[in-house]
Amino acid sequence: VALVFEQELDVAEDLAAQLQRFGEQFLSLVLADDAVASYRMMIGECARFPEIGRTFYDSGPALGQTKLSAFFLGAIEKGLLRPTDTLAMARMFIHLCLADLHQRRLFNIGTKPDEVAIRSNVARAVQMLLANFGPT
């Protein structure tokens, strides 16, 4: 997730468009062949070597969640989102983007999701996030 934040999100731009772009970049990253292979291997070894799991989590998912949380805080300050726990919101949005695509990819079910499937999944995630946390 953290790699997707090489270009900072800008709360001055359209929130839905930025979230859509972020989600598509994020899914493209985590659904890539090498990312899926690494994830499978890491999951298989972290029971024997917990430090592998901790290092992966701290440098990837946790870092990305923190950066997305900070973005959401900026959006709340600008009145684009309702106040809430931004770290929880970041985690929810990431999991909404992943939805069923990531698990199906990890378990080698069907084909690798294409751009249309990714775009559609993320669009639903953005819609759900804004429906629940958008301004009233």
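View 1. Helices here are DSSP runs (H or I, at least four residues), numbered from the N terminus. Keep in mind that this is a predicted model, where local features need pLDDT of at least 70, side-chain atom pairs count only at pLDDT 80 or more, and totals for chains, interfaces and linings use all residues. Residues are numbered from 1 along each chain as its sequence is written, and side-chain values use heavy atoms, with hydrogens and water left out.

View 2. Ile118, Asn121, Val122, Ala125, Val126, Leu129 and Phe133 of helix 6 are buried. Looking down the axis of helix 6, these buried residues fall within an arc of 135°, so they line one face of the helix. That arc is taken from the directions from the helix axis to the C-beta atoms. Over on the other side of helix 6, Val116, Gln127 and Ala131 are exposed. Buried means under 20% relative accessible area, exposed means over 50%, and partly exposed is in between (1.4 Å probe, protein chains only). As for partners, the buried residues of helix 6 pack against helix 1 (15–30), helix 4 (61–77) and helix 5. Contact means heavy atoms within 4.5 Å.

**View 3. Helix 5 meets helix 6.** Helix 5 (residues 86–106) packs with helix 6 (residues 115–133) at an angle of about 145°, and their axes are 8 Å apart. Axes are lines fitted to C-alpha atoms, for helices over the stretch in contact, with angles running from 0 to 180 degrees between N-to-C directions. The crossing of this pair is right-handed: the near helix is turned clockwise from the far one by less than a right angle. From helix 5, the residues making the contact include Met89, Met92, Phe93 and Leu96; from helix 6, they include Ala117, Ile118, Asn121 and Val122. The contact residues split into 16 nonpolar, 1 polar and no charged.

**View 4. Leucine 27 in helix 1.** Leucine 27 belongs to helix 1 and is buried, with a relative accessible area of 0%. Skipping residues up to four places away in sequence, leucine 27 touches Cys97, Leu98, Leu101, Ile118, Asn121 and Val122. Leucine 27 and asparagine 121 are 94 residues apart in sequence, yet 9.3 Å apart in space, C-alpha to C-alpha.

**View 5. Leucine 106 in helix 5.** Leucine 106 is part of helix 5 and counts as buried at 16% relative accessibility. Leaving aside residues up to four places away in sequence, leucine 106 touches Val36, Tyr39 and Arg40. Between leucine 106 and valine 36 there are 6.3 Å in space, C-alpha to C-alpha, for 70 residues in sequence.

**View 6. Two positive phi values.** Most residues other than glycine have a negative phi. Alanine 99, in helix 5, has a positive phi near 35° and counts as partly exposed at 43% relative accessibility. Asparagine 108 sits in the loop between helix 5 and helix 6, with a positive phi of about 60°. At 58% relative accessibility, asparagine 108 counts as exposed.

**View 7. Glutamate 77 in helix 4.** Glutamate 77 lies in helix 4 and is exposed, with a relative accessible area of 64%. Its C-alpha atom and that of glutamate 51, 26 residues apart along the chain, are separated by 37 Å.

Technical notes. Ala, Val, Leu, Ile, Met, Phe, Trp, Tyr, Cys and Pro count as nonpolar, Asp, Glu, Lys and Arg as charged, and the others, Gly among them, as polar.
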